[in-house]
Amino acid sequence: MRALFAFLAGGLFGAGLYVSGMTDTTKVQGWLDVFGAWDPTLAFVLGGAILPMALAWNVTTRRARAALGTEFPGRPAPRIGHNLVVGSVLFGAGWGLAGLCPGPAVASLFWGGTGGLVFLVAMLAGMLAAPPVRNRIDRLATL
Amino acid sequence: MIDPDWIWGLVGGLMIGAAAALFLLVNGRIMGASGIIGGLVDRSGWSTAVERGAFLAGLLLVPGLFVLATGAAAQTNLTGNLWAVIAAGLLVGIGTRLANGCTSGHGVCGISRFSLRGMVATVFYLLAGGMAVVVFKHWLGVV
């Protein structure tokens, strides 16, 4: 059951990414291109996505567990650490450079050609490299 | 004047939000693409590997098979500069793991519950993404 609904959620997510245009890197770069030909589509995507999710979070305040029995995820401590900021800046730079983030990178793999595959492999390598990078940044931050 | 792309963006965004709501309310999980992938890559999420794998299978197969079946002219329009693609993939991989989230986790799931961390992360990756487009597209012209 868990796997079935996870598959359905992933499928709906991927279909939504495709329908919204977020698997097209020019739409993403167009949104980030504030000083060029700015494309506001991504604002509609993010706004549309936040709406049902805000309702879902509201439901979690009235129930203890998800339908399949798992406890709802708690709120992480509201700490703004250096890793949150440094990581988001690095992620944003890569996102702007190629116009792909992790979800669309997977969703567009079938038609993304060699470039899409190269991006995904590099992203997975980056994820593998992240723990030692995090340790180094933590050491720098405590100097 | 309403651009049809904005409507598709809103429709796709609602689908993305519905997917995130489904994953939260049924499976009790946060739909963050980088976290779901990263937990498999560094084995930190090995205990929920089947659920993660099923989600990613849906994310990969549903849009992929849709495009194949309908013969839709899907394009990622990714830059042909493979060095830029590799650099971007590494940045996205490292950055999302350091920050513990990407556009779906911090952006969609975080902002919708008024998470300070999600909002701070989103501001920083948007700023960095905008700067990356200015530098790499307009100044250096590499993408």
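Mentor: Happy to! A word on terms before we start: helices (H or I, at least four residues) and strands (E, at least two) are DSSP runs, numbered from the N terminus. This is a predicted model, in which local features need pLDDT of at least 70 and side-chain atom pairs count only at pLDDT 80 or more, while totals for chains, interfaces and linings use all residues. Residues are numbered from 1 along each chain as its sequence is written, chains are lettered from A and ligands numbered from 1 in the order in which they are written, and side-chain values use heavy atoms, with hydrogens and water left out.

Trainee: Is B:Asn77 buried, exposed or partly exposed, and what are the cut-offs?

Mentor: B:Asn77 is partly exposed, with a relative accessible area of 37%. Buried means under 20% relative accessible area, exposed over 50%, and partly exposed in between (1.4 Å probe, protein chains only).

Trainee: What about B:Asn100?

Mentor: B:Asn100 also has a positive phi, about 60°, and is not a glycine either. That residue lies in the loop between H4 and H5 of chain B. B:Asn100 counts as exposed because its relative accessible area is 54%.

Trainee: Which residues of chain B lose the most area to chain A?

Mentor: Those are B:Thr76, B:Leu98 and B:Arg113, together 9% of what that side buries.

Trainee: How many salt bridges between the chains?

Mentor: Three. A salt bridge is a side-chain nitrogen of Lys or Arg within 4 Å of a carboxyl oxygen of Asp or Glu. For instance, the side chains of A:Arg2 and B:Glu51 meet in one at 3.0 Å, N to O.

Trainee: Which residues touch the most other members of the largest nonpolar core?

Mentor: Of its 53 residues, those are A:Phe13, A:Met53, A:Trp95, A:Phe119, B:Met31 and B:Phe55. Such a core is a set of buried Ala, Val, Leu, Ile, Met, Phe, Trp, Tyr and Cys residues joined through side-chain atoms within 4.5 Å. Leaving out residues up to four places away in sequence, A:Phe13 touches several residues, including B:Ile16, B:Met31, B:Phe55 and B:Leu59.

Trainee: One more: why does A:Asp33 count as buried?

Mentor: Because its relative accessible area is 3%. A:Asp33 lies in the loop between helix H2 (25-32) and helix H3 (41-60) of chain A. Not counting residues up to four places away in sequence, A:Asp33 touches A:Trp38, B:Val133, B:Lys137 and B:His138.

Key. Buried area = accessible area lost by both parts, 1.4 Å probe. Contact = heavy atoms within 4.5 Å.
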